[in-house]
Number of protein chains: 2
Amino acid sequence: MIQELKNNYGHLFEDALLNEINQVGTFKEVAAGFKMMEIGDYVKAMPLLVSGAIKILREDTDGDELLLYFLEKGDTCALTLTCCVAQTKSKIRAIAETDSKLIMIPIQQMEEWSEKYKSWRHFVFESYNNRLNEMLETIDSIAFLKMDERLLKYLAEKVRISKNNTIHKTHQEIAYELHTSRVVISRLLKKLETLGKIELNRNAILIKDI
Amino acid sequence: MIQELKNNYGHLFEDALLNEINQVGTFKEVAAGFKMMEIGDYVKAMPLLVSGAIKILREDTDGDELLLYFLEKGDTCALTLTCCVAQTKSKIRAIAETDSKLIMIPIQQMEEWSEKYKSWRHFVFESYNNRLNEMLETIDSIAFLKMDERLLKYLAEKVRISKNNTIHKTHQEIAYELHTSRVVISRLLKKLETLGKIELNRNAILIKDI
DNA sequence: GCTGCACAGTAACATTAGTTACATAGGCAT
DNA sequence: ATGCCTATGTAACTAATGTTACTGTGCAGC
C-alpha cells in the first residue's frame with residue numbers, strides 16, 4: 001500500500017504520518033455501484049480516496065434523492081469526519097460512481113494525528129473547506145439555476161470525473177440525482193440534442209459540445 | 001471581557017485557553033442590520049458569537065440572494081474559518097439579524113491553538129459539523145420543500161432565534177431571503193392568515209400557531 | 001424471428017411559481 | 001387635511017416544472 005499512498009498523499013503528509021497510515025489503514029477496492037454508506041449508518045472509519053469517484057446523495061423523508069457532489073482522488077468525506085467526531089449517524093448515502101480504491105483509517109487515529117501532525121490538521125481543514133464549497137455550489141445550482149442549466153452542469157461534471165465523453169446513465173437515473181422526473185429529463189435532453197450539444201442513444205449520452 | 005467569555009465558552013475551553021482568548025481577542029458590539037462581511041472580503045479575524053444572531057447569505061452572479069442560515073450564541077462561522085485557513089475571499093455575506101456581541105480572534109492564533117488545545121480543536125470541528133448540518137438542512141428546504149413549506153420553516157426559525165412571536169420584516173425582505181418575489185410571499189402569507197396561523201400587519205407578522 | 005422488458009419520445013394536462021399591473025392602505029412630513 | 005412614500009392585496013397572465021398516459025424502439029433470451 002505504501003506506494004499507492006506515497007503517490008497520492010506524499011505531497012501532503014510527512015513520512016512519519018505516511019508510515020502510520022500504512023500501519024493502521026486498510027486498502028479497499030470497490031466496484032462502480034457499490035453502496036459504501038447508507039443513511040443512518042454509524043461510521044467507524046474514514047476513507048481516503050486513491051482513485052475513482054464516489055457520489056454523495058441526500059434523501060428526504062419521502063425517499064426522494066438528490067446528488068450533493070462527487071468525491072475524487074485525494075478527497076476524503078467531511079461528512080464522515082463529522083460523524084466520526086460527533087459519533088452520530090450518517091446523514092448521507094455514498095455510492096461508488098466508478099470503480100474506486102480507498103484507504104480506510106480507523107477513527108481512533110483522528111484525535112492523535114490532529115495533535116501530532118500539522119499536515120494532518122491541514123488536510124482535515126482543507127477537506128472541510130472543499131466540502132463546504134461543494135455544498136455552496138450545490139445550493140447555488142438548486143436555488144439559482146433552472147432545470148436545463150442544472151442538467152448541463154451535471155453532464156459537464158460527469159464528463160469531467162469520468163474522463164469520458166459518453167455518459168452511461170438512463171434518463172431515470174439522472175432524474176433521481178437531480179430530484180426531478182424522467183419525463184422532464186427526457187424533454188430537456190431532447191432539446192439539447194436538437195441544439196447539437198449532445199447525441200442520445202439507449203443508455204448513453206454522447207457529449208459533443210457543452 | 002473575561003466574564004462574558006467564561007459565561008459563554010467556559011464549559012468548552014480550559015482556563016489557559018480562555019486567558020489567551022482574553023489576551024488577543026477584541027470585544028465587539030454590532031447593531032441589527034450591520035453588515036459584518038461582504039462577498040469578496042478577505043477575512044482577518046474569526047468571530048465567536050456571544051449574543052444575538054447573524055444571518056449568512058449567499059448571492060448569485062445576478063445579485064439574487066438566499067438565506068443560508070443563522071449563527072447564534074456559541075457559534076462561530078465555519079466559512080470564515082475556511083477563508084482564514086485557505087486565505088481566500090469570503091463567499092458569503094454576513095449581516096447582524098439582531099443586536100449582537102462578539103469576540104474577534106486574529107487568525108494567527110488558529111494554528112497555534114489547534115496544536116496546543118484539544119478543546120480548541122474540538123470546538124473547530126464541532127463548528128464545521130454544525131455548519132455542514134445547517135447547509136444540509138438548507139439544501140433539504142430548497143430541494144424538497146415547496147415555497148409555502150419553506151416560508152413556514154422560515155417563520156418558525158425567525159421566531160426561535162428572536163424569541164419573539166412578532167416578526168418585523170416586510171414581505172419584500174422575506175422574499176429576498178427565500179429568493180422569490182414579493183407577490184408570492186404576500187400570497188402565501190395571506191393564505192396562512194386565512195388558515196388562522198398568523199396575523200398580518202404593516203411591517204409585522206404575528207405568529208399565532210405554526 | 002418472436003417475445004418481453006426496460007428505456008425513451010411525446011402529447012396533454014395540472015400545479016406551482018414568477019411577472020405585470022394596478023388598487024388600496026398606513027403613516028409621516030408639511 | 002394633503003400629499004407622498006412605502007407596504008400590502010389581488011387579478012390576470014406567463015413560464016417552468018411535474019404528472020399521466022400512451023407509443024415506439026432497441027435488445028436479450030428464447
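Mentor: Let's start with one chain, then go on to the meeting places.

First, a word on where this comes from. The model is predicted, and local features need pLDDT of at least 70, side-chain atom pairs count only at pLDDT 80 or more, and totals for chains, interfaces and linings use all residues. Residues are numbered from 1 along each chain as its sequence is written, while chains are lettered from A and ligands numbered from 1 in the order in which they are written.

Chain A has 8 helices and 10 strands; these are DSSP runs numbered from the N terminus, with helices (H or I) of at least four residues and strands (E) of at least two. Its radius of gyration is 19 Å, close to the 17 Å from the globule rule for 210 residues, so chain A is as compact as a globular protein of that length. That radius is taken over C-alpha atoms, and the rule is 2.2 Å times the number of residues to the power 0.38. The C-alpha trace of chain A spans about 55 × 35 × 25 Å along its principal axes. Buried residues make up 32% of the 210 in chain A. To sort them, count the other C-beta atoms within 10 Å of a residue's own, with C-beta atoms placed from the backbone: 20 or more is buried, 12 or fewer is exposed, and in between is partly exposed.

Now the meeting place inside chain A. The chain is divided into domain 1 (2-143) and domain 2 (146-207), with bounds from an automatic or database domain assignment. Their C-alpha centres lie 27 Å apart. The contact between them takes 10 residues from domain 1 and 9 residues from domain 2, where two residues are in contact if their C-beta atoms, placed from the backbone, lie within 7 Å. On the domain 1 side, strand β5 (residues 65-72) gives the most, with 5 residues. That side divides into 4 nonpolar, 2 polar and 4 charged residues. In this sorting, Ala, Val, Leu, Ile, Met, Phe, Trp, Tyr, Cys and Pro count as nonpolar, Asp, Glu, Lys and Arg as charged, and the others, Gly among them, as polar.

Next, the place where the two protein chains meet. The contact takes 27 residues from chain B and 27 residues from chain A. In chain B, α3 (78-86), α4 (108-116) and α5 (118-144) each supply at least two residues of the side touching chain A. Helix α5(B) gives the most to that side, with 14 residues. By class, the side has 14 nonpolar, 5 polar and 8 charged residues.

How do the two chains relate? The same surface serves both copies, and 100% of the contact residues of chain B recur in chain A.

Finally, the DNA. DNA strand C is surrounded by 19 residues, and the closest are Thr170(A), Lys146(B), Met147(B), Thr180(B) and Val183(B); a residue is near a strand if its C-beta atom, placed from the backbone, lies within 6 Å of it. The elements giving two or more residues there are α7 (171-178) and α8 (182-194) of chain A, along with α6 (147-162) and α8 (182-194) of chain B. Helix α8(A) gives the most, with 5 residues. The surface near DNA strand C has 6 nonpolar, 7 polar and 6 charged residues.

Around DNA strand D there are 20 residues, the closest being Lys146(A), Met147(A), Thr180(A), Thr170(B) and His171(B). Two or more residues each come from α6 (147-162) and α8 of chain A, and from α7 (171-177) and α8 of chain B. The largest share, 6 residues, comes from α8(B). The classes near DNA strand D are 6 nonpolar, 7 polar and 7 charged residues.
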